[in-house]
Amino acid sequence: MKNTQLYPFERNKYYYGMLLSVENFNAEQKYMNDKRRLINRLIHGCGVVSGLNVVRIDEQTVSVESGMALDNTGREIVVAAPVTKKLSMINGYDAAMGSGCNSYVYLCIEYKEEEKGQAYDLASGGQGSACDRLREGYDLYLTSAEPSDDIDPVKELFEHSTTIFSNNDLRIRHVMPRYVSPLSEFELRVEIETFTKQFVSFSYDVQLICMTGDNGDSSVLTVRFNEMLTEKTGRYTLVYKVKANNVTDTNASASVDPATFRLSCDNKPCEGTASGSSEALVVKGNISDMIFTKAFDRNMDDMLRSSMSSRLYLARIDLVNAGETALIEGVRNVPFGQYVINGCLQNALYCHALKSLSGHSNESTGAEETAAHVSRASDKDIASGICRVDLSSGSSKNKTYYSGEIIHGLGLGSVTVILGIKTRNDSMVYGDAEIFKDDTVQIRAAAKLDPSKGSFVIGVMTTATVLDDFVEIKWTAIRDVDEGDNDKNEMKILIKPNSLVLKPRESRYLDAVCMNMANKTLRWSVVPESGGNIDDNGQYTAPVSEGVYEIVARSAVFPDVKASIMVVVRE
């Protein structure tokens, strides 16, 4: 389907005795298709709706899971069943490998129609034949072409992204807000991607206009990065705080000084030139209103035309050269974030946000603890909750009671636990409660931390005869700074092997390694549930039907800690 013109819209106007021809029926189909596709494009957007994960099968083969996407003209692309392809057999392989970029390629998908079904052509007197069906499908192809900075037109409404350097080994991008207020502080993000096993380092100066940097210099900001000083992940973000000057309706810009750019790989100087400028408009009005106004002021033709050439990138496939062939080293799905947020996901996010705002918490109970509510701070360094410890009504002085084990959720290692006692008028007392003995239950409280398990126990002692049946203790756990930065305390689960290819009904044992976890109890599951069975010991049995399935191992104590692998079932 080469014609991507969706409008003007014309539909049939029927009347009695109207002679219907092929053109009339084609016009009817085109009218309905074009209306739906225009709605898809302008309301939903372009990208992956569900599924379409790309999985590495072996060193030369990938599998694309079933799923759906919307292309840049609103057409639906449906992959009904997983498809396995040898990399060298995918369209565009030779051109992508011959482009000079041999460390990675992009796997893209596009909409395709093909004619199906043979029928007699009565108009030719029965001497000819014609196809009477059009089957909608897709085509996979490889490319080395990079997307433009405005690949996401929605994101472009509130962020300005500029690629200041790009080659086969490295990409550097600057990202700034579209709009900022006078004298406001905002972020200049430097997003870095490396595509080589070598360690990359670089530095350059950024000339600031109508804004100042966080280093005290009003005109120059120096960007430095050394991959050897961090864990090599291939993706990094540097954040620099800048402040807008007291101006209005003026562009605050950050321009790279090409003369200061220095690039090294494994401490060896490399050739390269960086250039580009990012801008933020300094405005006095409400920034949200500015974004909405800009969105609705966009010309529809310009919006559709700007995305007509956009590719739908399913994955970036990292390669290793091995003589005359290339081997697959790894796969990164949807590398440029081309997703369509569907209604189900929006509802889930909305409900989660409501629960967070309403103080939703998880409840846990211990042997002598009737309730312990835990909530987490967004920065993951602070957790808090309320623990109710049962007392014996009429308890005499110096009797001791303990809560059950409370998992604070900050991981292993040292944390500081602060306790507060709830008074009869619903205020809180921290420290020595006897100072406010007229308002509080006459008790003393302390916490005993177990760093190896990431938990603690609260103990209370009566300082006088107590008539209450229970006491509520508010606790706040704060992770120590040096512990929060210590990588050895990060809990991880590693599954061996990291991928599987099995025949239907074949079984295989999976081994899970729990790192920095005292309790190593795991819960195994398969997604979807029809993808086979796995017992508590990691013994997986493949289903009867072929497909690509996900096996998940999740910590029984820390549900957020999990790992997964993909298994391909085929004859």
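Helices (H or I, at least four residues) and strands (E, at least two) are DSSP runs, numbered from the N terminus. Welcome to these exercises on a predicted model, in which local features need pLDDT of at least 70, side-chain atom pairs count only at pLDDT 80 or more, and totals for chains, interfaces and linings use all residues. Residues are numbered from 1 along each chain as its sequence is written, and side-chain values use heavy atoms, with hydrogens and water left out.

**Exercise 1. Backbone angles**

Find where Asp249 lies and state its phi.

Solution. Start with the place: Asp249 sits in the loop between β16 (235-244) and β17 (250-256). Next, take the angle: phi of Asp249 is near 50°, a positive value in a residue other than glycine. Finally, classify the residue: Asp249 counts as exposed because its relative accessibility is 63%. Here, buried means under 20% relative accessible area, exposed over 50%, and partly exposed in between (1.4 Å probe, protein chains only).

Arg505 is in the loop between β34 and β35 (507-509), and its phi is positive at about 70° although it is not a glycine. With a relative accessible area of 59%, Arg505 is exposed.

**Exercise 2. Salt bridges around Arg171**

Follow the salt bridges of Arg171 to Glu146 and to Glu193.

Solution. Begin with the criterion: a salt bridge is a side-chain nitrogen of Lys or Arg within 4 Å of a carboxyl oxygen of Asp or Glu. The structure holds 16 of them.

Step one is Glu146 with Arg171, where the closest N and O atoms are 2.2 Å apart. This pair links distant parts of the chain, 25 residues apart: Glu146 is in the loop between β8 (128-143) and β9 (159-166), and Arg171 is in strand β10 (residues 170-177). Glu146 counts as partly exposed because its relative accessibility is 29%, whereas Arg171, at 3%, counts as buried.

Step two is Arg171 with Glu193, whose closest N and O atoms are 2.4 Å apart. This pair also links distant parts of the chain, 22 residues apart, with Arg171 in strand β10 and Glu193 in strand β12 (residues 185-194). Both Arg171 and Glu193 are buried.

**Exercise 3. The nonpolar cores**

Which residues touch the most other members of the largest nonpolar core?

Solution. First, the term: a nonpolar core is a set of buried Ala, Val, Leu, Ile, Met, Phe, Trp, Tyr and Cys residues joined through side-chain atoms within 4.5 Å. The largest core has 33 residues, and Ile172, Phe202 and Tyr204 touch the most other members. Apart from this core lies another, of 27 residues, including Tyr111, Leu142, Leu312 and Leu319.

Next, list the contacts (heavy atoms within 4.5 Å) of one residue. Leaving out residues up to four places away in sequence, Tyr204 touches Ile164, Ile172, His174, Val190, Leu221, Thr222, Val223, Val256, Thr260 and Phe261.
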